[in-house]
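Try each task before reading its solution.

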Amino acid sequence: MSDRLVIVGGVAAGAKAAATARRRNPAANILVLQQETDVSYSSCGLPYHLAAPEEIPRSRLVARTSETFRADGIDMRTRHRVEEIDAKQAIVTIRDLNSARRYTESYDKLLIATGAEASRLKTAASLTAPPIVQLRTLADADHLVTCLTGVRKLVILGGGYIGLEMAEAACKLGLDVALVEMAPRVIPSFDEAVARMVEAMLRKHGVELFTGARVVELDRGHVVLDNGVRIQTDMVLAATGVRPCTALATAAGVDLGSTGAIAVSPQMTTNVEHVYAAGDCVESRHVLTDRPVWMPLGDVANRQGRVAGINMAGGHASFPGVLGTAIFKVFELAVARTGLGLAEASAASFFPVRETIRMPSRARYIRESKTLQLHLTVDQHSGRVLGCEAVGEDAVDKTIDIMAAAIWGKLTAADLFDLDLAYAPPFSPVLAPVQAAGEVLN
Ligand code: FAD
Ligand code: NAD
């Protein structure tokens with residue numbers, strides 16, 4: 001008889017694992033338990049759906065519906081929450097959220113793909129406080145749409161990925177937007193010069209910025225900051241970070257790593273026999289430092305889900321680790337990073353130097369050509385490229401992806417110049433930004 005595979009969580013990692021296990025083993029007995037109503041949807045698309053619901057309706061964010069999973073012979077149970085894992089007996093206790101019934105199911109292999117949740121705001125709020133919303137799930141997006149009626153002014157807390165993507169979305173909806181970031185600048189983990197360009201872009205589009213400030217109170221239609229500033233608002237969007245959902249796992253004896261997320265092997269196994277974990281609830285190995293890092297990103301969750309699905313279905317796959325490659329868009333600007341910054345590289349015992357390079361994104365005489373700014377981290381001893389941040393209005397995505405491939409392949413700055421890349425004026429200058437960077441660094 002085929003193994004019974006039980007998967008907890010059905011968005012990115014869980015859904016990918018279920019679909020992969022099905023493909024790899026058509027006879028596998030697969031059960032997915034998902035506490036939300038929705039499954040297999042693109043959280044990453046939520047800001048774009050909210051900004052233009054006619055162009056990107058809710059249904060287009062769903063990759064596979066419950067019915068599609070069931071048609072593939074996967075027992076997909078939505079609104080079913082796993083409340084307990086008994087790893088000794090290999091059973092899970094489930095709450096059917098429709099009927100409140102509690103029941104158990106056994107497993108041969110279990111995947112924990114419980115993801116992450118939005119950090120809760122711990123700020124005093126009076127009865128007259130503006131409503132606070134968050135954006136993590138499709139249901140959060142539905143709720144946000146409901147709350148938008150009559151809203152003219154939005155305060156966004158957090159100048160990270162969601163805060164910035166939503167600042168653009170809210171402006172597109174015609175709202176007045178103010179953004180509050182507690183760090184001295186937005187995207188504090190990026191180079192200061194990159195953050196300043198993002199701030200200039202926000203101001204250009206009329207977003208009011210309050211950096212180095214914390215909210216201390218929500219009262220009478222106002223957000224009150226610790227510097228005494230009161231910002232009138234109709235609604236508050238809290239986008240102040242996420243944390244991994246690990247309580248179910250730890251109660252079952254699953255170990256966490258130093259980042260606070262679940263520790264897993266490259267095969268996505270945990271310390272508990274027959275229990276796997278993948279996605280935002282787990283930590284990854286950084287390919288350059290060999291240290292654990294927590295990278296709660298959709299592409300990582302999908303790739304880890306695939307590895308878990310293959311292994312649970314009896315195959316052999318490994319997740320090699322991450323470089324921390326990420327990209328986002330804020331108005332006309334694209335901002336991306338891969339690998340290590342200067343401080344991270346020093347902490348990992350490299351001997352890094354940092355170079356800033358500006359160049360045109362295409363041949364100068366092409367109308368669409370824009371200035372592309374790169375911040376490169378290179379190891380002085382080996383010449384290896386260790387990291388890159390890219391910011392600009394054109395060619396950021398392609399440049400960062402080449403850099404990620406170069407870092408993955410352990411290329412040196414000299415190698416960058418030698419890469420045989422495609423050239424024609426509408427696409428690139430004669431020396432592509434990556435090659436020009438190689439030339440400058442040599
Ligand atoms: P989740 O998406 O968190 O899914 C886990 C699921 O498990 C949830 O539905 C949860 O309710 C369920 N669950 C938890 N506990 C239980 C339980 N006990 N029983 C049953 N079900 C349970 N990443 C990118 O790489 N690029 C982007 O552009 C990008 N944009 C984003 C934009 C937004 C607005 C958001 C919110 C995220 C974005 N991300 C992006 C991050 C990306 O969406 C996540 O990394 C990805 O969703 C993680 O997938 P996951 O399956 O691990 O976890
Ligand atoms: P984030 O970690 O990117 O940013 C949170 C920001 O909020 C930080 O700058 C932090 O300093 C600030 N902050 C924290 N507490 C605050 C407070 N009380 N007041 C004001 N500012 C405060 O987190 P996020 O924006 O919530 O996004 C969550 C995760 O979703 C990200 O970590 C990322 O992994 C993922 N995501 C990725 C993308 C992308 O790759 N394009 C897009 C959206 C979300």
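This is a predicted model, so please read every value below as computed from it.

**Exercise 1. Between which two strands does the loop with Phe331 lie, and is Phe331 buried or exposed?**

Step 1. Phe331 sits in the loop that runs between E22 and strand E23 (333-339).

Step 2. Its relative accessible area is 8%. The cut-off for buried is under 20%, so Phe331 counts as buried because 8% falls below that limit.

Step 3. Now look at the backbone: phi of Phe331 is near 55 degrees, a positive value in a residue other than glycine. Most residues other than glycine have a negative phi.

**Exercise 2. In which loop is Met268, and what is its phi?**

Step 1. Find the loop between helix H7 (247-251) and strand E19 (275-277); Met268 is there.

Step 2. The phi of Met268 is positive, about 70 degrees, although Met268 is not a glycine.

Step 3. With a relative accessible area of 1%, Met268 is buried.

**Exercise 3. Which residues come nearest to ligand 2, and which elements supply its shell?**

Step 1. Begin with the 18 residues around ligand 2: Ile162, Glu181, Gly241, Pro296 and Ile327 come nearest.

Step 2. Next, trace the elements. Helix H5 (161-172), strand E12 (176-181) and strand E22 (326-330) each supply at least two residues of the shell, and the largest share, four residues, comes from H5.

Step 3. Check the polar atoms. An oxygen atom of ligand 2 lies 2.6 Å from a polar side-chain atom of Glu181. A backbone N or O atom of Ile162 is 2.9 Å from an oxygen atom of the ligand, while a polar backbone atom of Met182 is 3.2 Å from a nitrogen atom of ligand 2.

Step 4. Finish with the surface: ligand 2 taken alone exposes 840 Å², and the protein buries 79% of that.

**Exercise 4. Where is Gln373, and which side chain does it join in a polar contact?**

Step 1. Gln373 belongs to strand E25 (residues 371-379).

Step 2. The relative accessible area of Gln373 is 6%, which means that this residue is buried.

Step 3. The side chains of Gln373 and His375 are joined by a polar contact of 2.9 Å.

Step 4. Beyond four places in sequence, the contacts of Gln373 include Ala193, Met197, Arg358 and Glu389.

**Exercise 5. Which helix holds Glu199, and is Glu199 buried or exposed?**

Step 1. Glu199 is found in helix H6 (residues 192-204).

Step 2. At a relative accessible area of 4%, Glu199 is buried.

Step 3. Not counting residues up to four places away in sequence, Glu199 touches Pro184, Arg185, Val186, Leu209 and Thr211.

Definitions and conventions:
Residues are numbered from 1 along each chain as its sequence is written. Chains are lettered from A and ligands numbered from 1 in the order in which they are written. This is a predicted model: local features need pLDDT of at least 70, side-chain atom pairs count only at pLDDT 80 or more; totals for chains, interfaces and linings use all residues. Side-chain values use heavy atoms; hydrogens and water are left out. Buried means under 20% relative accessible area, exposed over 50%, partly exposed in between (1.4 Å probe, protein chains only). A polar contact is a pair of N or O atoms within 3.5 Å; within protein, one must be able to donate a hydrogen and the other to accept it, and residues adjacent in sequence count only if both atoms are side-chain atoms. Contact means heavy atoms within 4.5 Å. A residue is near a molecule or strand if one of its heavy atoms lies within 4 Å of it. Accessible areas come from the Shrake-Rupley method with a 1.4 Å probe; for residues, only the protein chains shown count as cover.
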